[in-house]
Amino acid sequence: MKITDSVLRSFRVARTFRANSQKVNCVDYSSNGESAISSSDDDSIVLYDCQEGKPIRTLYSKKYGVDLIRYTHGDANTVVYSSNKLDDTIRYLSLTDNKYIRYFPGHTDRVVALSMSPVDDTFISGSLDMTIRLWDLRSPNCQGLTNPLGKPVCSYDPEGLIFAAGVDSEAIKLYDLRSFDKGPFASFETLFSRVCEWTGLKFSRDGKQILISTNGGAIRILDAFNGSVLHTFSGYNNSKGISLEACFTPDSDFVMIGSEDGRVHVWSTESGMKIAVLDGKHSGPINTLQFNPKYMTFASACSNMAFWLPCVGD
């Protein structure tokens with residue numbers, strides 16, 4: 001089934017799970033689309049079976065807390081995650097036996113960005129300590145570090161050759177992974193008309209667009225090659241300055257974001273037109289939103305987790 005305007009408008013919440021007592025911070029899908037994982041302020045990590053459509057296991061990180069979480073490259077049995085308690089070390093966890101495989105110490109302030117390479121066992125992290133670090137799952141030592149001169153959010157491109165850093169909510173810098181210690185090979189400034197902090201950065205799967213999430217009432221997509229503004233999307237509720245995560249659909253044709261009133265807003269990346277507003281009946285702001293990379297479903301979460309399916313023919 002192709003993702004179209006009408007298919008997106010038909011999406012409904014198929015199942016809602018109340019496995020968490022506090023807000024869900026992050027949701028990630030495995031690369032095969034068969035598993036999902038969430039992290040929450042209640043220190044829990046919940047594993048979901050996407051084919052069965054249900055939670056299958058809950059793990060806890062009581063000592064360290066759990067903030068951002070990502071499946072490792074091509075492996076649905078291991079994750080890396082950042083902490084929101086005790087320290088700023090990143091942890092590499094086996095989900096099968098709930099044991100830590102490795103620790104990645106180095107950051108001296110909260111990790112605000114975590115991106116896995118789509119092609120190998122490396123990942124990057126951005127922190128409020130104003131650094132971006134490059135890591136390899138096989139070594140606890142930082143493989144490289146750059147100081148982009150400001151608070152960074154960062155993400156790999158889909159080919160794993162470059163990464164983008166959004167710096168101090170005003171510029172995007174592109175780095176070649178083979179020589180990123182030499183600094184960025186391109187830099188674009190882009191300022192929003194209203195004051196807001198950039199809270200996330202993502203490439204579209206086709207690598208042609210970069211999506212900037214903010215804690216204001218607007219998100220933006222840029223041309224990934226020249227930094228020109230393609231569209232700025234607004235008209236969703238975020239009056240409290242919450243970090244709301246936006247995402248692309250896997251075909252790169254649409255952008256989605258939740259809002260503080262529990263609705264999901266969807267725009268066309270081609271026309272820039274809003275094509276749907278979907279009611280998730282969430283009890284609080286939708287902090288995180290992810291579209292499944294393989295199947296026609298997406299997840300949204302406040303403190304509840306909702307899985308959505310299209311109801312074509314409604």
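1. The lining of the second largest pocket is made up of 8 nonpolar, 5 polar and 2 charged residues. The model is a predicted one. This pocket has a volume of about 230 Å³. Its lining has 15 residues, and those nearest the centre are Cys50, Gln51, Gly53, Thr297 and Leu309. Two elements, strand E1 (11–17) and strand E28 (305–310), each give two or more residues to the lining. Strand E28 gives the most, with 3 residues.

2. The count of cavities of 30 Å³ or more comes to 1. About 30 Å³ of space lies in the largest cavity. Its lining consists of Lys151, Pro152, Val153, Gly166, Ser169 and Trp198. By class, these lining residues are 3 nonpolar, 2 polar and 1 charged.

3. How many disulfides does a search of the whole structure find? The search finds 0. Cysteine 142 is in no disulfide, and the nearest cysteine sulfur, that of cysteine 154, is 12 Å away. For a pair to count as a disulfide, the two sulfur atoms must lie within 2.5 Å. A disulfide is a covalent bond that joins the sulfur atoms of two cysteines.

4. The cut-off for buried is under 20% relative accessible area.

5. A search of the whole structure finds 19 aromatic pairs. One of them joins tyrosine 100 and tyrosine 103, with 5.4 Å centre to centre and 40° between the planes, and this pair is tilted. Tyrosine 100 has a relative accessible area of 29% and is partly exposed. Tyrosine 103 is partly exposed as well, with a relative accessible area of 38%.

6. Why is the pair of phenylalanine 291 and phenylalanine 298 stacked? The ring centres are 5.8 Å apart and the planes are at 25°, so the pair is stacked; the cut-off for stacked is under 30 degrees. Both phenylalanine 291 and phenylalanine 298 are buried. Together with Phe11 and Trp308, Phe291 and Phe298 form one aromatic cluster.

7. Two arginines lie over ring faces. Arginine 91 lies over the face of tyrosine 64, at 3.4 Å from the ring centre. Arginine 220 lies over the face of phenylalanine 192, at 4.2 Å from the ring centre.

Technical notes:
Residues are numbered from 1 along each chain as its sequence is written. This is a predicted model: local features need pLDDT of at least 70, side-chain atom pairs count only at pLDDT 80 or more; totals for chains, interfaces and linings use all residues. Side-chain values use heavy atoms; hydrogens and water are left out. On a 1 Å grid over the protein atoms alone, a cavity is a set of points where a 1.4 Å probe fits but cannot get out, and a pocket is an open set with protein on both sides within 12 Å along at least five of seven lines; lining residues have an atom within 4 Å of a point. Grid points are joined across faces, edges and corners, and a volume is the space filled by probe spheres set on the points. Helices (H or I, at least four residues) and strands (E, at least two) are DSSP runs, numbered from the N terminus. Ala, Val, Leu, Ile, Met, Phe, Trp, Tyr, Cys and Pro count as nonpolar, Asp, Glu, Lys and Arg as charged, and the others, Gly among them, as polar. Rings of Phe, Tyr and Trp (its six-membered ring) pair if their centres lie within 6.5 Å; planes under 30 degrees apart count as stacked, over 60 as edge-to-face and the rest as tilted. Buried means under 20% relative accessible area, exposed over 50%, partly exposed in between (1.4 Å probe, protein chains only). A charge sits over a ring if NZ of Lys or CZ of Arg is within 6 Å of the ring centre and within 35 degrees of the ring normal.
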